[in-house]
Amino acid sequence: MNIVVCIKQVPDTTNIRINPETNTLIREGVESIINPFDMYAIEEALRIKEKIGGKVTALSMGPPQVAEALRTAISLGADEAILLTDRAFAGADTWATSLTLAGAIRKMENIGLILMGKQAIDGDTGQVGPGVAEHLRLPHITDIRKIEEISEKEIVCERLLEDGYLRLKAQLPIIITVVKEINEPRLPSLRGKMAAKKAEIITWNAEYIGIPVEEIGLNGSPTQVLKIFTPPKPGGGKVFEGEPADTVAQLLAELKTGGIQLGAAKEE
Amino acid sequence: MSGIQVIEHKCVGCKKCQKVCPYDAIDMVEKLAVINLDKCTLCGACVDACPFEAIVIEKATGEKQDISSYSGICVYAEHRNGVLSSVVKEIIGVARRLKESLDKPIYAIVVGQDVKRIAEEILEYGVDEAWVREDPRLGDYAEDVQADVVAAILQEMRPEIFLGGGTIIGRSLLPRVAVRLKTGLTADCTELTIDEETKNLRQTRPAFGGNIMATILTTAHRPQMATVRHKVMPEAKKVEKPQGRIVPADYIPVPKPRIEVLGFVPEEGQTVNLVEADIIVSAGRGIQDPKNVGLIAKLANAVGGALGASRAVVDAGWVPYSHQVGQTGKTVNPVVYIACGISGAIQHLAGMKSSDIIIAINRDANAPIFDVAHYGIVGNLFDVVPELIKQIEK
Ligand SMILES: Cc1cc2nc3c(=O)[nH]c(=O)nc-3n(C[C@H](O)[C@H](O)[C@H](O)COP(=O)(O)OP(=O)(O)OC[C@H]3O[C@@H](n4cnc5c(N)ncnc54)[C@H](O)[C@@H]3O)c2cc1C
Ligand SMILES: Nc1ncnc2c1ncn2[C@@H]1O[C@H](COP(=O)(O)O)[C@@H](O)[C@H]1O
């Protein structure tokens, strides 16, 4: 059975700061990383392979520099990496991204499981996983926090909800998205790093995947960004310093003026 | 072909575009913006930032969908255990506001097992038509099946707008529906308005962990779909004389489920659901030792709130992951958020910044949490928190 992990290269938002004067993003030193949730997807794919065998393919759509992220996936233990790269893919929203990824997956053989992260930390949509599933007409389960059992036929897993978790069972092939709780990603081994250096990153373009250009990239995206802006700053609040008895009293008094009474069961 | 272009005679080399580009894809060459196409994702940030309209993105549009036959606003009525999810009342509130600009009916889609009562309840909030499909195979969590049924109903109903909750279920179901209907879906919106000129839905949402906001349009496809972030919009109030009616959609086929629900295990030790909570008290690394989680939990108890945590505390294993607030945890929007010993790293802020009132307790007056806090107490939390509990309980 073959396992596909979809990974996305994203700007490391740890380093994205806002310039308070111009209210713009400071990009200096913003590195590209593999979307953190996708690291858990890679790890889980490797664990499944170690348990039931198979091949792990890392798949990503993006500009040529994404090859670097795919090499990282290989250094961790992925067997193969495919980069979907073409100017025609640029500007894709989640609809066009999922169509493109689905088109690539359709080209592969004997796929039992497709793993993705819960969401990407740049777009924060989480729509690509279910989107790929729908394009491929496969079932999907999002927000998996644990795989209890998996075989070439079937998966039993735990899906995190707002107030607990669901236990679910489904037949393969299926698409799943994972949350951070699922595992602790490994670090690349020395041998992995060597393998990554030498590995061939397979690249596919739009023509190879065989999707018409009207359906991909900006052209194939039903949504369009009208504008991007930085959110208004909440504008420094009131800060109390001094003896706890006083600062706490001042805080509670302020809140009360604002109509909020902590501890009084409900606020007005 | 679509593409991005710098109109050279309009560009003055002001670098405004370079500053806003989240992908570092713009270079200045001899006072002219040059787009690095290997990095550019056509996100459009630069187009908006350019004061001289010197950057354009062109989009080749294929065959046009006839969008004029779509009308009305439809709401996905999420529910569980026979109870309507509170986010639905918020979305109906949004729909009623949008109706003022569009003057078109509000529809709802209610699918599930025994959902007549939910459909009737929904009408009380001012929905004009609740389309109902009942079937045992459409039970709680059967999103896979529900997606097919919802898409089929939408094809009949043809609303111009379709909204669902930005909940785990909503954010799993709506993307499938959007792909099926070949239309756009905007995730986790915090603001929805109608463009008075074009009557398009302007969908505003945070991205990049809340560092930027984007306004998104779906101009050429219908319905315009969005999920709506929970607890941002006010809930609709019941109307005095509900006028709506129930429309049975029994003829819509229900496919065979592909996912079997083995059971639901509720969160232990959490009396209040973090995402629904009106008050959240969160512990950060400042609590210094796992034994001090109890102190923060005690404060949470005293104010009738839920316990949250920063990633540092969750990674240390002091509090379970389900309590983690932030980019890799949960996004919350309570009325009051109390951060105890949390520095306010950007990833943490991403999950709680839009809380109505943020209160920070931190001994470091320079901690970034104070930049977003409405109220702050500079001090040792081991003194402040017990004092707070004492004064609240007084
Ligand atoms: C990709 C990525 C995703 C992430 N996702 C998340 C996420 O979802 N959620 C999240 O929270 N973090 C997330 N992080 C981590 C985040 O960057 C921070 O590391 C984390 O939030 C720090 O937690 P903290 O504020 O509890 O700890 P610290 O940064 O160590 O801050 C502790 C604070 O407590 C104060 N303090 C110490 N002792 C006392 C005392 N006695 N009384 C009062 N104040 C005291 C200190 O002054 C300090 O400000 C993510 C990071 C990355 C890279
Ligand atoms: N361009 C891409 N290439 C590969 N995988 C992607 C891409 N975009 C999104 N994904 C996958 O889809 C998940 C959700 O992304 P998103 O819907 O953008 O939040 C990510 O965690 C990835 O696993």
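A crossing of two helices is right-handed if the near helix is turned clockwise from the far one by less than a right angle. That term is needed at two stops of this tour, which runs through a predicted model.

**Stop 1: two helices of chain B.** Select residues 143-157 of chain B, which form helix 5, and residues 170-181 of chain B, which form helix 6. Their axes come within 9 Å and cross at roughly 45 degrees. Angles from 65 to 115 degrees count as roughly perpendicular and those under 35 as roughly parallel, so helix 5 of chain B is oblique to helix 6 of chain B. Helix 5 of chain B passes helix 6 of chain B in a right-handed crossing.

Stop 2: Next select helix 7 of chain A (residues 244-257) together with helix 11 of chain B (residues 381-393). The axes of helix 7 of chain A and helix 11 of chain B come within 9 Å, and the crossing angle is roughly 55 degrees. That angle makes helix 7 of chain A oblique to helix 11 of chain B. The crossing of these two helices is right-handed. Keep helix 11 of chain B displayed for the next stop.

**Stop 3: ligand 1.** Select ligand 1 and the 29 residues that surround it. The closest are B:Arg285, B:Ser310, B:Thr328, B:Gln347 and B:His348. Which chains supply the residues around ligand 1? Chains A and B both do, so the site is shared between chains.

Now show the polar contacts:

- A polar side-chain atom of B:Ser310 is 2.5 Å from an oxygen atom of ligand 1.
- B:Gln324 places a polar side-chain atom 2.8 Å from an oxygen atom of ligand 1.
- An N or O atom in the side chain of B:Gln288 lies 3.0 Å from a nitrogen atom of ligand 1.

On its own, ligand 1 has 980 Å² of accessible area, and the protein covers 84% of that. Helix 8 (311-315), helix 9 (346-352) and helix 11 of chain B are the elements that give two or more residues to the shell around ligand 1. By type, the shell around ligand 1 holds 8 nonpolar, 17 polar and 4 charged residues.

**Stop 4: ligand 2.** Move to ligand 2, which has 18 residues around it. A:Cys6, A:Asp38, A:Ala120, A:Thr125 and A:Gly126 come nearest.

Polar contacts to display here include:

- The side chain of A:Asp38 has an N or O atom 2.4 Å from an oxygen atom of ligand 2.
- A polar backbone atom of A:Val128 lies 2.9 Å from an oxygen atom of ligand 2.
- A nitrogen atom of ligand 2 is 3.3 Å from a backbone N or O atom of A:Ile7.

How much of the accessible area of ligand 2 does the protein cover? The protein covers 97% of the 480 Å² that ligand 2 has on its own. Strand 6 (55-61), helix 3 (94-106) and strand 8 (111-117) of chain A each give two or more residues to the shell around ligand 2. Strand 6 of chain A gives the most, with 3 residues. The shell around ligand 2 divides into 8 nonpolar, 8 polar and 2 charged residues.

**Stop 5: backbone exceptions.** Most residues other than glycine have a negative phi, and most peptide bonds are trans.

- Select A:Leu172 and A:Pro173: the peptide bond between them is cis, with omega near -5 degrees. A:Pro173 sits in the loop between strand 11 (164-171) and strand 12 (174-178) of chain A.
- Select B:Arg222 and B:Pro223, which are joined by a cis peptide bond with omega about -5 degrees. B:Pro223 is in the loop between strand 14 (212-217) and strand 15 (224-228) of chain B.
- Select B:Asp188, which is not a glycine but has a positive phi of about 55 degrees. B:Asp188 lies in strand 11 (residues 185-189) of chain B.

How values were computed:
Residues are numbered from 1 along each chain as its sequence is written. Chains are lettered from A and ligands numbered from 1 in the order in which they are written. This is a predicted model: local features need pLDDT of at least 70, side-chain atom pairs count only at pLDDT 80 or more; totals for chains, interfaces and linings use all residues. Side-chain values use heavy atoms; hydrogens and water are left out. A residue is near a molecule or strand if one of its heavy atoms lies within 4 Å of it. A polar contact is a pair of N or O atoms within 3.5 Å; within protein, one must be able to donate a hydrogen and the other to accept it, and residues adjacent in sequence count only if both atoms are side-chain atoms. Accessible areas come from the Shrake-Rupley method with a 1.4 Å probe; for residues, only the protein chains shown count as cover. Helices (H or I, at least four residues) and strands (E, at least two) are DSSP runs, numbered from the N terminus. Ala, Val, Leu, Ile, Met, Phe, Trp, Tyr, Cys and Pro count as nonpolar, Asp, Glu, Lys and Arg as charged, and the others, Gly among them, as polar. Axes are lines fitted to C-alpha atoms, for helices over the stretch in contact, and angles run from 0 to 180 degrees between N-to-C directions. Angles under 35 degrees count as roughly parallel, over 145 as roughly antiparallel, 65 to 115 as roughly perpendicular and the rest as oblique.
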